[in-house]
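Thanks for coming. I have a few minutes on one model, so please look at the picture while I talk.

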Amino acid sequence: MSQLILGIESSCDETGVALVRLPDGAGVPVLEAHALHSQIEMHQAYGGVVPELASRDHIRRVLPLTQSVLDQAGRQLAEVDVVAYTRGPGLAGALLVGAGVACALGAALGKPVLGVHHLEGHLLSPFLSADPPEFPFVALLVSGGHTQLMRVDGVGRYELLGETIDDAAGEAFDKSAKLLGLGYPGGPALSRLAQQGDGEAFKLPRPLLHSGNLDFSFAGLKTAVLTQARKLGDDLDARRADLAASTEAAIVDVLVRKTLSALKGTGLRRVVVAGGVGANRLLREQLDAACARLKVRVHYPELHLCTDNGAMIAMAAAMRLQAGQQRPSRDYAFDVKPRWPLDSLQTDAPAVAA
Ligand code: KG4
Ligand code: ZN
């Protein structure tokens, strides 16, 4: 019998809820409905996410969004077989809202719950697209809090190849955007402005490009952007688009070149890009061009599923269940994991022979 999975995402500034149907056997899980409320407007006045406000807003949104996905799918709450939620990483208070609601629903319905790793949700989100990838692949995970290259051999089989030693790529976009007087979140704003500028106008650093490993460092970039902005003084207004374009070019250049090194090092012929920065137009263009030359396939999530959403959480839960990686639990005494490395993810499945 197929299973209906309700997924709840509340790790940061988006409340996402979705319904995924897991067919019998090896069938591909199907997204039946999803709904999202972004808090961006609410946090804009503060120039960044205010955790307490985020938690309170998740509380307001999560049940109406749940009703909305049930209505969209023509389903009743009682039809839900498993309630999945983001267990971490993320803001503790925000995570507790999703976990609390999921476990309360599970207990009330007499249905089991399943805690999902947020980054695994991003990582598996391309499986929601019309052209899903096949394992194994190199994953470039680029979000507001993480920048990682992983080798992915299957659901729950993740090997960290390299990661940022300081700021994440999304953070580099957000912080540079702030320095340039652009709104929050900075990535889309900076990227929009960059379209009118020249990416070669300013020489900005590409940290760790020749480090010989797959680690990243973006903290120095924002200092370089600040120094450049100060140097420009009154001319900044006229050159803002050029500086934005040069910043975007520096971040994208490092991401693309390190991804190519990961392909070379692993010998894999497939890349999956996931996380909010995966929506970046220049990153897509440059990675597509480089991979086309190498005849390597690149997969992205649908644009609207690059940033946080409930569909990726329900999907990750479905794929874990299908792969036998995790059993849903009837222990409703939940906890959350604000810090949770992806490669330490627990699995209930027996170890896979190498
Ligand atoms: O994955 P995500 O929604 O949340 C986290 O899990 O962190 O990623 C949000 C990040 C933010 O830093 C945002 O500025 C960045 O993704 N982002 C972008 C773009 N859209 C979102 N960065 C560059 N270009 C974009 N088009
Ligand atoms: Zn995310």
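Where does Asn280 lie? It sits in the loop between β9 (270–274) and α9 (281–294). Before I go on, note that this is a predicted model.

Asn280 has a relative accessible area of 7%, and since anything under 20% counts as buried, Asn280 is buried. Setting aside neighbours within four places in sequence, Asn280 is in contact with Phe173, Ser191, Glu248 and Val252. With Ser191 there is also a polar contact between the side chains, at 3.4 Å.

I started with Asn280 for its annotation. An unreviewed UniProt entry places the feature "binding site" at Leu141, Val142, Ser143, Gly144, Gly145, Asp174, Gly187 and Asn280. Of these residues, Ser143, Gly144, Gly145, Asp174, Gly187 and Asn280 are included in the lining of the largest pocket.

Take Gly187 from that list. Gly187 is in helix α6 (residues 186–194), and it counts as buried at 14% relative accessibility. Not counting residues up to four places away in sequence, Gly187 touches Phe173 and Asp174.

Now the metal. Which residues coordinate the zinc ion (ligand 2)? They are His118 and His122, each through NE2, and Asp308 through OD, at 2.0 to 2.1 Å. Along the chain, the donors follow the spacing H-x3-H-x185-D.

The unreviewed UniProt entry also gives "binding site" at His118, His122 and Asp308. These residues are spread over 191 residues of sequence, yet they cluster in space, with a largest C-alpha distance of 8.7 Å. The lining of the largest pocket takes in His118, His122 and Asp308.

Why is the arrangement around the zinc ion (ligand 2) irregular? The four donor atoms subtend angles of 93 to 137°, and four donors count as tetrahedral only if all angles lie between 85 and 135 degrees.

His118 and His122 are four residues apart in helix α4 (residues 118–124), so about one helical turn separates them. Both are buried: His118 at 7% relative accessibility, His122 at 1%. Beyond its neighbours within four places in sequence, His122 is in contact with residues including Leu141, Ala274, Cys306 and Asp308.

Last, Asp308. Asp308 is found in the loop between β10 (297–299) and α10 (310–322), and is buried at 12% relative accessibility. Its side chain makes a polar contact of 3.0 Å with the side chain of His118. Among its contacts outside four places in sequence are Glu9, Ser11, Cys12 and Glu14.

That is what I have. Thank you.

Notes
Residues are numbered from 1 along each chain as its sequence is written. Chains are lettered from A and ligands numbered from 1 in the order in which they are written. This is a predicted model: local features need pLDDT of at least 70, side-chain atom pairs count only at pLDDT 80 or more; totals for chains, interfaces and linings use all residues. Side-chain values use heavy atoms; hydrogens and water are left out. Donors are N, O and S atoms within 2.8 Å of the metal (3.2 Å for Na, K and Ca); water is not among the atoms, so sites may look incomplete. Four donors count as tetrahedral if all angles lie between 85 and 135 degrees; four count as square planar and six as octahedral if opposite donors are over 155 degrees apart and all others between 65 and 115; anything else is irregular. Helices (H or I, at least four residues) and strands (E, at least two) are DSSP runs, numbered from the N terminus. Buried means under 20% relative accessible area, exposed over 50%, partly exposed in between (1.4 Å probe, protein chains only). UniProt positions are given in the numbering used here, feature names are shortened, and annotations may be inferred rather than shown by experiment. On a 1 Å grid over the protein atoms alone, a cavity is a set of points where a 1.4 Å probe fits but cannot get out, and a pocket is an open set with protein on both sides within 12 Å along at least five of seven lines; lining residues have an atom within 4 Å of a point. Contact means heavy atoms within 4.5 Å. A polar contact is a pair of N or O atoms within 3.5 Å; within protein, one must be able to donate a hydrogen and the other to accept it, and residues adjacent in sequence count only if both atoms are side-chain atoms.
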